[in-house]
Amino acid sequence: MACVGSIVGDTAQFLRVVQSHAHLSDHLACLGPEYPLTVERGTVEYQALVKFNTASPGCCPDTYFYDMDARLICMEDLRSYKDLRREMIKGVCSDEAVKCIAKHIAVVHREYHVAKLSCSDMTDLLKQFGPTELVQLTEQFVFTKPFTKDDPTNKCSTEVSSHAQLVYDNQQVLTNAAKMKKIFLEKKECLIHGDLHTGSIMVCNDSAKLMDIEFAFMGPAAFDVGILIANYIMSYYQHMSEGNRQFAYRTIDFCKLTGKLYCENMTSCSGDTDSYNKNFMSEVAGFAGCEIIRRILGAAHVEDLEGRPSAEVDALGAGVRLITAQERIDTMDKMMIIAHMLT
């Protein structure tokens, strides 16, 4: 990744060039060169960065130009920002940063929601952000392969393997995972990030920037929120396994703050608002359950849980409970009770 100078103006800003085939890698990092990716996703990322910042200014790094032939994006330098996942592993995250993330994604969903778009705008967005190879990868590696017992790409620790029957022998889990996959593929609700985990967010004190938006497409709003909530839940189990109860309990607050700020700012919906919000939370729970399970049994694990077998087992139980009870969960409070076995 090379710096190419600075802009001289009221404030000097360093720029960085992101070369799509290097920055994004030419293959799936968790599987290797046998799973190649095309460089066209760089165009999707650039277009999504522009759309996201137009809807919610400052939610992503500012972009200055894009060279389609070279697959180069020139964008704001974030050297003062840090990876949210790594910060949370250390037990560092502010409430204000969590609120910032929730508000940004809510505003993006609101501004590019089917309830607000004209027919021509919706057609344009579907053309620009339709199904891509990355959407197909998400379908396979989030909703299909982790729930297929003998899939060769799956991997888990020895401790977890003795609990895998909680997924593979549970018909309700498998049925609901298939249901969530159908919603993911068919619900063209709004423009979504498509991969909103804590490793794709940069934070600096109370500010947050959404990164790695090459997965963006027109899909279900609940997918973004479900993935984010799942990552907060996995952080909870990491810190509980290490005896850091204070930060573990704060992650529950992060989930509640996310639900509150999101619902306050995502005001575009179809039909009755109360019914919409209840169904939304149900979908969030289902997507969160799928994300947790795939991060433990599937190909792509998370640093929060790696090397922490007791945390993996406990988190797996949370994922199973969420996806099993998905249809009965209609509030964030219910989701937290079920995910954390709270009384």
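The side chains of Glu111 and Lys116 form a salt bridge with an N to O distance of 2.8 Å. The model described here is predicted. It holds 20 salt bridges and twelve aromatic pairs. An open sheet of three strands is also described below.

**Salt bridges around Glu111**

- Glu111 and Lys116 belong to a network of salt bridges that also includes Arg110.
- Glu111 has a relative accessibility of 26% and therefore counts as partly exposed.
- Lys116, at 47% relative accessibility, likewise counts as partly exposed.

- Glu291 meets Arg294 in a salt bridge of 2.9 Å, N to O; the two residues are three apart in helix α12, about one turn of the helix.
- Glu291 also forms a salt bridge with Arg295, in which the closest N and O atoms are 2.9 Å apart.
- Because Glu291 and Arg295 are four residues apart in helix α12, about one helical turn separates them.
- Glu291 and Arg294 are both buried, and Arg295 is buried as well.

**Aromatic pairs and a charge over a ring**

- Among the twelve aromatic pairs is that of Phe184 and Phe217, which is edge-to-face, with 5.2 Å centre to centre and 65° between the planes.
- Phe184 lies in helix α9 (residues 171–186) and Phe217 in strand β11 (residues 217–219), so this pair ties together parts that are 33 residues apart in sequence.
- Phe184 and Phe217 are both buried.
- Tyr262 and Phe280 form a stacked pair, with 5.0 Å centre to centre and 0° between the planes.
- This pair links distant parts of the chain, with Tyr262 in helix α11 (residues 245–265) and Phe280 in helix α12 (residues 273–297), 18 residues apart.
- Tyr262 counts as buried because its relative accessibility is 2%, and Phe280 counts as buried at 4%.
- A cluster linked by ring pairs is made up of Phe143, Phe184, Phe217, Phe223 and Phe287.
- Lys145 lies over the face of Phe141, at 5.4 Å from the ring centre.

**The three-stranded sheet**

- The open sheet has the strand order β7-β9-β10, with antiparallel pairing.
- Strands β7 (82–83) and β10 (207–210) are the edge strands, each pairing on one side only.
- Strand β9 (residues 201–204) pairs with β10 in the antiparallel sense over four bridges, and Met202 stands opposite Lys209 in β10.
- Helix α4 (residues 95–111) lies across β9 and β10 and runs at about 40° to β10.

Definitions and conventions. Residues numbered from 1 in each chain as written. Predicted model: local features only at pLDDT ≥ 70, side-chain atom pairs only at ≥ 80, totals over all residues. Heavy atoms only, no water. Pairing = 2+ DSSP bridges. Contact = heavy atoms within 4.5 Å. Axes fitted to C-alpha atoms, helices over the stretch in contact; angles between N-to-C directions. Phe/Tyr/Trp six-rings, centres within 6.5 Å; stacked < 30°, edge-to-face > 60°. Buried < 20%, exposed > 50% of the residue type's maximum accessible area, 1.4 Å probe, protein only. Lys NZ or Arg CZ within 6 Å of the ring centre and 35° of its normal. Salt bridge = Lys/Arg side-chain N within 4 Å of Asp/Glu carboxyl O.
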